[in-house]
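Thanks for coming. I have one structure to go through today, and I will take the chains in turn and then the contact between them. Please have the model open while I talk.

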Amino acid sequence: MTAKDKETRRSKQQNVEISGSEAVIRSLIEEGTEIIFGYPGGQIMPVYDALYDYRNALRHILTRHEQGAVHAAQGYARATGKVGVCLVTSGPGATNLITGIADAMIDSTPLVCITGQVASHLLGSDAFQESDVIGISMPVTKWNFQITSPDEIPSTLAQAFYIAASGRPGPVLIDITKDAQFGKLKYKYEKCHKIRSYIPEFPVNKDKLNQAAELINSAKKPFLLFGQGVILSGAEMELQHFIEKTGIPAAWTLLGLSALNTDHPLNMGMLGMHGNYGPNIKTNECDLLIAVGMRFDDRVTGNLNTYAKQAKIIHIEIDPAEINKIVKTDVALLGDAKRILRMLKILVKKRKHPAWIKEFNLAREIENKKIIQSDLNPVNAGLSMAEIVNNVAALTNNTAIVVSDVGQNQMAAARYSKFTSSRSHITSGGLGTMGFGLPAAIGAKFGMNDREVVLFVGDGGMQMTIQELGTIAQENLPVKIVIMNNRFLGMVRQWQELFFEKRYSFTEIFSPDFVKVADAYGIPGQLVKERENLETALQTMLSAKGPYLLEIMVEKEDNIFPMVPAGASVSDILLCADDVK
Amino acid sequence: MKQEYIISAYSENHIGLLNRITIIFTRRKVNIESITASESAIEGISKLTIVVNDEKDKVVNITKQIEKQVEVLKAFYHTNDEMIFQEIALYKVPTQALMETNQLETLIRQHNARILEITPEYTVIEKTGHKEETQELFDGLVEYGVLQFIRSGRVAITRSPIEKLSVFLNERDALLEKMESRSRLRSPKK
C-alpha cells in the first residue's frame, strides 16, 4: 500500500466505527510496529482475528511458548532499539510472560505486552483463564493498564509506547478485556508526547556539569565505567569522543558490551564478577570514578564497604532513583547520557594519562598470561568455551550479533567475543534468566536479518526453551546455535567446586542428542567432540543459508576465571582456583 | 537509626496505583504503620500519607521509587517534627457507664474529646490527636468497657507556608512543554 492509499483509507475510516481489536492492530501499526511475537488463545481471539486482515502490514511470529514470545520481543528490542511487542491470551498465556517482563524490567528493555482478559463483567469471578495479570505484573512493569472499554484502546496504546521507550525504557503491559476487543469505537490515533505525572528525562544541571568537569580536569587516575545507558541513549560516539579527549581509560559492564569497539585503546575490558582483572582492581586504585548509564549492580561492585572508597564518584544517570541507591556519589548528573557527554566534552581539557593506562595494560598482561592464554590454548583434550567463542569471533570478523544464555557460556561469550558495532551483544544481565538465549536470538535475527546472529548456550539453558526450535524451523530463520555442552549446570557446579566442597548437588544434567532434536525439526546440525573438527564445523555453520545447530562437547569441569567471589572486594579478584581460600 | 517518617505522595487518581505504591514497601519488607489516601486540594490529584518507622536511607530510597511510578507526580518524606499531623479515633462505650459515674465525663473533658452520638445502648466518642493521645484516652476508657475502637491513618501538613505542590505543578508544566516540543521534533525519524 502506498502512503497515499494509506491516507485515503485512514480519512475514509476516520468516522467509521471499527472494532476494538482492529484498533489494537492499527494502533500498533501507527507506532511503527513491524513484528509481533505471540501465541493465540481464547481471550485474545478477536485481536488475532483482526490481525488476519492486516497480516501483510504487520508480521506475526508464532512462538512455541509465551515465554519464548516475550524473550524474542526482548531480543528484537535489544538488537534494534525499537519497542518489542508481544501478544498473548489471558490466564496462563499472561502469566507465562512474567519472567520475560521481569527480565526486561531489570535490564531496561522497552516492551509493550498485550494480554487478553476475560470480559469485564466476569472480572474477579474466577472465570476460565482469568488471572489478575495487572496485579501480578505490577512489581515488574514500568506501567500497566487494563482496558475495559474500546474507546480507551488508541490512547492507552499511545501511552504504552511512549512510556516503554522514553526515559529509562522498560516493559509495559496492557490487559484488554474481551468485550473491549469486540466493542466498537470511532478510531482516531494520536501519538503520546507527554504525561503530566511523568518526566522521562530531567534537564541537565549546569552547576553539576561544571563540578564534574572540574573533578575530571584535576583527576590523576580517572576511570570511566559504562553500562547499557550508553546504548539506550545512543551515546556511543559521544562516549568515544569523550574518552578520547580526556584520555580516560574505560570499562564496560556486561550490558555495556559493544557500546565501544573492543579493540579501542582506551577500552580496558569488562567489570564485575567474571570481568577483566584490570578494571576490577583499578576500581579500587583510581582517584575519580565516572559511571555512565550503569546502576552499580552487586555483580559489578562486589563488597560495597570496600568499593572505590578512595575515589570521588560522578554518576551520569537518567533515573533519579538510581542516584545514591547503591554507591554515594559526589556529583550526580541526572539526564540523558548522550546529551550530558556532549556537554561535558566541551568543558573538559584534552589530556593523556600514559602512566595510568600502562598500569591497566600491565594488569591485562597478567590476566593474559594467567588465564586467557590457557583458556584459548587448553592443555586438556576437552574443548574450552573460550576457544569456541574466540573462533566464532574470528570467523565472523567480529561482526556477528552475539546472543548468550546464562552461566558459564554467558561469561565465556562476554569475555572472548569482540565487538565492532553497538547493539551486538544480547544477554540476560540483571535477572540472569536461563532459557533467555534461544528465543532472544530469534528476536534479534528478525530485527536485524542482514546480520549474523550467533547464540552461545549451555546444555542446561538450551533445554529450558528448546521448544523454540519449532519457531526457527517454521520461519526457516538463519539463527546459528552453538551449544557448549559440559553435561553440567556449569556455573553452579563451579560454585559447588569452589565454595561447597565439590558437593555436586543436582548439577549433573542429562541432555538429549541435540543434533537429533534439531534434525527432528528439520534443522541441520552436527556434533563436535574433537578440537581438530571445530573450525570446519563452525565454518559449515556460518556458511549455512538457514538455521544451524552445533553441539560442541566441552571440558566437563572447566571454570570461569577471574572471579570476584560473592561478597568479596573487587580488588580481591581471584585468578585461579588455587587462590580460593 | 530507625525513626518515624511521613511519606507524602501526590498522584493521579488511578485504579491500582495504591497497590503499585504499597508493593514498594512490601518488597523491601518495610511495615506501613498507617496510610491514608484522599483527594488533595487540586482536583483529580490524590494525596497519600504513609507513616513508616525505618532508617533514613531506606526511606529516601522508597520515596524515590514511589516518585518513579509513572502516575505519581511527586513524593516527599518528612520527619514528624517537620510536619503537623493528626489522627482521629472513635470509641464506642456503653451509655450506662456514662450515666453511672461522672468520672467518664471528666475523662472526656480532660482529653478534649467529644460525643458524636448517644443511644440508650451506646455512646460514640471522638478524639483527634497524636497516636499517644488517642491511645491515652483508650486506656482511660477501658475500665468502662470499650465496645468498639477505631483509629485512622495520619493526615499531615508541612510547616511551610504554602502547599509545595502548586508551585511544583507550575514548574513541571513548563518542563513538560519544553520536553513535548523536543519529542515532537525528534519523533519523525522513527
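A word on pairing before anything else: two strands count as paired here if DSSP finds at least two bridges between them. Strands of a sheet pair through backbone hydrogen bonds, either parallel or antiparallel. Also keep in mind that this is a predicted model.

With that, look at strand E18, residues 479-485 of chain A. E18(A) is joined to strand E20, residues 548-553 of chain A, by six bridges, and the two run parallel. One place to check this is A:Met484, which stands opposite A:Ile552 in E20(A). E18(A) also pairs with strand E17, residues 453-458 of chain A, again in the parallel sense and over six bridges. There, A:Val453 has A:Val479 of E18(A) as its bridge partner.

How many residues of E18(A) are buried? Seven of the seven are, so the strand is largely enclosed by the rest of the structure. The side chains split by direction: A:Val479, A:Ile481, A:Ile483 and A:Asn485 point one way, while A:Lys480, A:Val482 and A:Met484 point the other way, and all are buried. Note that this list includes a lysine, A:Lys480, and an asparagine, A:Asn485.

Now the sheet as a whole. Six strands of chain A form an open sheet with parallel pairing, in the order E16-E15-E17-E18-E20-E19. Which strands are at the edges? They are strand E16, residues 425-426, and strand E19, residues 525-528, each of which pairs on one side only. At the E16 end, strand E15, residues 401-404 of chain A, pairs with E16(A) in the parallel sense over two bridges. Within that pairing, A:Val403 has A:Ile426 as its bridge partner in E16(A).

Two helices belong in this picture. Helix H18, residues 408-416 of chain A, packs on the sheet and touches E15, E17 and E18 of chain A. Its direction makes about 140 degrees with that of E17(A). Helix H19, residues 437-447 of chain A, lies across E15, E16, E17 and E18 of chain A and runs at about 175 degrees to E17(A).

Stepping back to the whole of chain A. The chain is divided into domain 1 (15-186), domain 2 (206-359) and domain 3 (379-557). The centres of domain 1 and domain 3 of chain A, taken over C-alpha atoms, are separated by 30 Å. Their contact involves 25 residues from domain 1 of chain A and 26 residues from domain 3 of chain A. On the domain 1 side, the elements giving two or more residues are strand E2 (35-39), strand E3 (59-62), helix H4 (66-80) and helix H6 (98-106) of chain A. H4(A) gives the most, with eleven residues. By type, that side of domain 1 divides into ten nonpolar, eleven polar and four charged residues.

The secondary structure of chain A comes to 24 helices and 20 strands. The radius of gyration of chain A is 24 Å, against 25 Å from the globule rule for 581 residues, so chain A is as compact as a globular protein of that length. In chain A, 54% of the 581 residues count as buried. Along the principal axes, the C-alpha atoms of chain A fill a box of roughly 70 × 60 × 45 Å.

Chain B next. Its secondary structure comes to six helices and nine strands. Chain B has a radius of gyration of 22 Å, whereas a compact globule of 190 residues would have one near 16 Å. The C-alpha trace of chain B spans about 80 × 35 × 30 Å along its principal axes. Buried residues make up 23% of the 190 in chain B.

One buried position there is B:Thr49, in strand E3, residues 45-54 of chain B. B:Thr49 has 20 other C-beta atoms within 10 Å, and 20 or more is the cut-off for buried. Its contacts include B:Ile6, B:Thr36 and B:Gly153. B:Gly153 is 104 residues away along the chain, yet the two C-alpha atoms are separated by 8.1 Å.

Last, the two chains together. Where do they meet, on the chain B side? The elements giving two or more residues are strand E1 (3-12), helix H1 (17-27), helix H2 (56-68), strand E4 (72-79) and helix H6 (164-186) of chain B. H6(B) has the largest share, six residues. In total, 23 residues of chain B are in contact with 19 residues of chain A. The chain B side divides into seven nonpolar, seven polar and nine charged residues.

Definitions and conventions:
Residues numbered from 1 in each chain as written. Chains lettered and ligands numbered in written order. Domains from an automatic or database assignment. Contact = placed C-beta atoms within 7 Å. Helix = DSSP H or I, 4+ residues; strand = E, 2+ residues; numbered from the N terminus. Nonpolar A, V, L, I, M, F, W, Y, C, P; charged D, E, K, R; others polar. Buried ≥ 20, exposed ≤ 12 C-beta atoms within 10 Å, placed from the backbone. Axes fitted to C-alpha atoms, helices over the stretch in contact; angles between N-to-C directions. Rg over C-alpha atoms; globule rule 2.2 N^0.38 Å. Lists of a residue's contacts leave out its neighbours within four places in sequence.
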